[in-house]
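Subject: The structure I promised you

Hi,

Here is the protein I said I would pass on. Have it open next to this email while you read, and then I'll go through what turned up.

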Amino acid sequence: MDNFDNDINNLQTLDFENPQKWFEYANTLYPYCKTSTRKLIRLAVERINSSEIQRILNSNLNKNTVFEIYNYGIYNSKSNALNDISVFTTSDLNRVIYFVSELNNHGYNNIVLQDGMSIKRVIDANERLQVWADTINNATFNSSPLSPLEKYLLAYKYVTRFIYNDAENKTVSRRVSSILNSNGNNIVCLGYAALLSELCKKIGIPCAIQYLDDATEKYARHANAMVYLKDEKYHINGAYISDPCFDSKQPTRASKHIHGMLKLNDAEKIYKNLNMDIVKPEETFGILTTLPKYISDLETNLSKREKEEVDDMFITQKDFYMLTNNSYDIEDVLVADMVANHILHPELSTEQLGKLTMSEFTDDKGKVPY
């Protein structure tokens with residue numbers, strides 16, 4: 001199962017543009033229907049292997065059987081998803097491609113992701129995300145690979161280049177696969193957070209979606225991310241609140257990096273002024289503590305050096321207060337950002353790169369606000 005070595009255009013799958021239509025259809029299938037005929041088989045991606053596929057084929061199921069592949073979601077105590085179920089690790093995506101190909105070869109074509117999205121569209125979006133990740137992972141500066149901070153800043157630029165736009169179908173602007181299939185034409189705060197979170201994991205940086213409630217009414221109002229950065233080159237070791245939605249490109253200006261690395265206490269002050277409360281950041285931090293092993297085990301496109309960097313990220317829950325308020329030198333970040341800008345704009349002079357970087361870290365009034 002080599003990475004993306006199958007022609008996905010030849011895969012046969014179901015596709016429901018509207019998740020609600022899929023849920024309505026799924027309710028007519030087993031186990032929801034009262035008949036004894038099995039019409040729906042739900043299969044976790046982790047269970048997919050050669051023996052499981054052979055077991056399915058040996059069962060001689062009806063060719064109209066529907067197979068629903070699902071990815072595990074990570075939730076906090078308020079049942080807020082901290083990852084995106086439409087994005088697979090490189091290891092798991094290979095499983096999905098292999099599974100669909102094998103079932104297609106035996107006449108089973110009714111295969112769909114858990115929210116009804118076509119497996120072909122999901123694979124295509126995951127490939128696009130992996131191309132971004134590979135570009136970042138393979139980039140060099142002065143003949144050396146990028147450091148974690150440089151990689152993160154470059155990833156942030158990829159995500160914030162899309163202009164905020166909500167879609168009538170809410171899933172389209174919030175689910176990574178839908179966002180990438182629309183070339184970023186539909187994306188809102190949760191979409192930015194999910195896109196940044198999933199891209200970061202593919203470049204070896206622990207990152208998870210973080211939610212905010214309306215401070216008065218206590219309903220979910222906004223989403224950003226929490227990212228853990230450990231970079232000896234730039235003397236950084238901390239978990240920061242990151243809001244790519246606030247920094248995203250607008251019709252009248254380019255994207256920014258003002259809200260990309262906020263200490264938790266600074267972020268709480270900023271959002272408090274907007275009548276928003278960060279929801280259980282200690283739980284999101286808890287997810288960050290588990291991500292290094294997850295990334296090292298399943299993101300198979302990472303190099304040996306990158307895996308070693310991830311393996312060195314040993315953090316525990318007791319580090320929460322220290323790491324979420326660790327300071328850093330903004331001058332170091334500006335230098336790292338110039339490196340990231342050089343990767344995107346190698347034609348610019350050092351002076352031009354400096355001006356571009358300063359513009360990204362200043363608000364519309366020309367001030368560095370934090």
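Let's start with S143, which counts as exposed, at 75% relative accessibility. (Exposed means over 50% relative accessible area, buried means under 20%, and partly exposed is in between, with a 1.4 Å probe and protein chains only.) You'll find S143 in the loop between strand 4 (140-141) and strand 5 (144-145). Helices (H or I, at least four residues) and strands (E, at least two) are DSSP runs, numbered from the N terminus. The phi of S143 is near 70°, a positive value in a residue other than glycine. Why point that out? Because most residues other than glycine have a negative phi. K218 is another case: its phi is positive, about 65°, although K218 is not a glycine. K218 sits in the loop between strand 6 (207-214) and strand 7 (220-231), and is partly exposed, with a relative accessible area of 49%.

Before you go further, some housekeeping. This is a predicted model, where local features need pLDDT of at least 70 and side-chain atom pairs count only at pLDDT 80 or more, while totals for chains, interfaces and linings use all residues. Residues are numbered from 1 along each chain as its sequence is written, and side-chain values use heavy atoms, with hydrogens and water left out.

Now the whole protein. The secondary structure comes to 13 helices and 9 strands. The radius of gyration is 21 Å, close to the 21 Å that the globule rule gives for 370 residues, so the protein is as compact as a globular protein of that length. (That radius is taken over C-alpha atoms, and the rule is 2.2 Å times the number of residues to the power 0.38.) Along its principal axes, the C-alpha trace spans about 65 × 50 × 45 Å. Of the 370 residues, 55% are buried. Contact means heavy atoms within 4.5 Å. Among the contacts with a separation of 6 or more, 69% are between residues 24 or more positions apart. The accessible surface is about 16700 Å², and 48% of that belongs to carbon and sulfur atoms; the areas come from the Shrake-Rupley method with a 1.4 Å probe, and for residues only the protein chains shown count as cover.

Next, the rings. How many aromatic pairs does the structure hold? There are 13 of them. Rings of Phe, Tyr and Trp (its six-membered ring) pair if their centres lie within 6.5 Å; planes under 30 degrees apart count as stacked, over 60 as edge-to-face and the rest as tilted. Y152 and Y156 make a tilted pair, 5.9 Å centre to centre with 50° between the planes. Both lie in helix 5 (residues 148-160), 4 residues apart, about one turn of the helix, and both are buried. For F320 and Y321, the ring centres are 4.9 Å apart and the planes are at 75°, so this pair is edge-to-face.

- L43 lies in strand 1 (residues 40-44) and is buried, with a relative accessible area of 2%. Not counting residues up to four places away in sequence, L43 touches I48, E52, I56, E68, I69, Y70 and F99.
- K157 is in helix 5 and is buried, at 10% relative accessible area. Leaving aside neighbours within four places in sequence, K157 is in contact with D337, A340, N341, L344 and E360.
- D332 lies in helix 12 (residues 330-344). Which residues does D332 touch, not counting those up to four places away in sequence? They are Y234 and H235. The side chain of D332 also makes a polar contact with the side chain of H235 (3.4 Å). Such a contact is a pair of N or O atoms within 3.5 Å; within protein, one must be able to donate a hydrogen and the other to accept it, and residues adjacent in sequence count only if both atoms are side-chain atoms.

Cheers
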